[in-house]
Every structure is written in C-alpha cells, then in structure tokens.
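Let's take a walk through this model together. Have the viewer open and follow along.

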Amino acid sequence: GNTATFMTLDGKTSYRVRFFYIDTREVAGTGSPNGQPWGYPASAFTKQILEHAKREELKIELQSIKGNALFDGYNRLLALVWVDSQLVNFMVVRAGLSDVSASNPTLDMMEMAYQEIPYYAYLQNAWERASINGWGIFSDDPAWNYGT
C-alpha cells in the first residue's frame, strides 16, 4: 500500500519507492508474518491506481521531499507519488487505508504546499475525516480473519 516499484522511461532502471507521509498496514512478508487488517485492501487500492495509470498512459511523477533524505534505510526512494496531477499518497489516506506518518513535520516539509496549505495538512485532514466517519482502518476489515 505504501511501496511500489517504478521503471524509468528508458526502461533501464527501476526504483522501489516508499510513499512519503503514509503508513499503511502490512501484508504478509513485509514486517508481519501474516499481514495486518487493511494491509491487503490498501495494497490493492494503490495497485489499482497505478495499473490504471499505466494502462491509460497517464503521467506518473515522483517528487522528493525538501530537506529530507532521498532514500530510507531499506534503500527505497522516498517520494510523493503523483498520477495525472493527483497525489496518490493523499488518495490512500482519504480512502481510510493509511495513517499519516510524519508526526513532527519539519519547516521544509511544511513549505511544500498547494495554495499555501502544506501537503501534510491535506493528508492530516483526510485522515481525520476517515477517522470521524469510521472508514477503512477505523473499522473492522471485512475480509480479515480475526480468529486466526
């Protein structure tokens, strides 16, 4: 849900990308032996957006974070992921499928904004809306077997 692999336009280099600001639940083999509730729906949601973008040949852009490292400790590129000028990171949070992971945003991060509103604030607002409405991670995952 928060990591994907992207290929450069020339097809010669691929990058594993960790979507900045978001923290989806795990699927099996990514830090949790059996995965976690809402991990698979988050993964499927993100995959659907990216597969649609590929199929429709929509523009996908990766944006680094001002004042932040380019790569995390797992050698994944840290980025905001844009599909056809829409922020995928925001879409995942808005759907109730992720927490917002930057609890203490830096001044550099707060300068990254749309119409003078930091991207972080948009994400935090979407998270609060999902929480208030009981969407996604704020409810039981209907496909998850809580008995095991």
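**Tyrosines, a strand and a helix**

Tyr122 is partly exposed, with a relative accessible area of 27% (buried means under 20% relative accessible area, exposed over 50%, and partly exposed in between, with a 1.4 Å probe and protein chains only). Before going on, a word on the ground rules: this is a predicted model, where local features need pLDDT of at least 70, side-chain atom pairs count only at pLDDT 80 or more, and totals for chains, interfaces and linings use all residues. Residues are numbered from 1 along each chain as its sequence is written, and side-chain values use heavy atoms, leaving out hydrogens and water.

Back to the rings. The structure holds five aromatic pairs (rings of Phe, Tyr and Trp, the last by its six-membered ring, pair if their centres lie within 6.5 Å; planes under 30 degrees apart are stacked, over 60 edge-to-face and the rest tilted). In one of them, the ring centres of Tyr21 and Tyr120 are 5.9 Å apart and the planes sit at 45 degrees, so this pair is tilted. It ties together distant parts of the chain, 99 residues apart: Tyr21 is in the loop between strand 2 and strand 3 (22–23), and Tyr120 is in helix 4. (Helices, H or I with at least four residues, and strands, E with at least two, are DSSP runs numbered from the N terminus.) Tyr21 is buried at 1% relative accessible area, and Tyr120 counts as buried too, at 12%. Tyr122 has a ring partner as well: with Tyr114 it forms a tilted pair, 6.4 Å centre to centre and 50 degrees between the planes. Tyr114 is partly exposed, at 48%.

Now look at what surrounds Tyr21. Leaving aside neighbours within four places in sequence, its contacts (heavy atoms within 4.5 Å) include Leu80, Val100, Met109, Tyr119 and Leu123. Ring pairs also link Phe20, Tyr21 and Tyr120 into a cluster.

Which residues touch the most other members of the largest nonpolar core? Of its 35 residues, they are Phe19, Tyr21, Leu80 and Val88. (Such a core is a set of buried Ala, Val, Leu, Ile, Met, Phe, Trp, Tyr and Cys residues joined through side-chain atoms within 4.5 Å.) Among the elements that each supply at least two residues are strand 2 (14–19), strand 5 (77–83) and helix 4 (119–133). Strand 5 gives the most, with seven residues.

So let's stay with strand 5. Leu77, Ala79, Val81 and Val83 point one way and Leu78, Leu80 and Trp82 the other, and all are buried. Strand 5 runs parallel to strand 2, joined by three bridges (two strands pair if DSSP finds at least two bridges between them), and Leu77 is the bridge partner of Val17. With strand 4 (residues 60–63) the pairing is antiparallel, over four bridges, and here Trp82 partners Glu61. Strand 6 (residues 86–87) also pairs with strand 5 in the antiparallel sense, over two bridges. In that hairpin, with two residues between the strands, Asp84 takes a positive phi near 50 degrees.

Last stop, helix 4. Its buried residues are Tyr119, Tyr120, Leu123, Ala126 and Ala130. Helix 4 is followed by Gly134, whose phi is positive, near 70 degrees.
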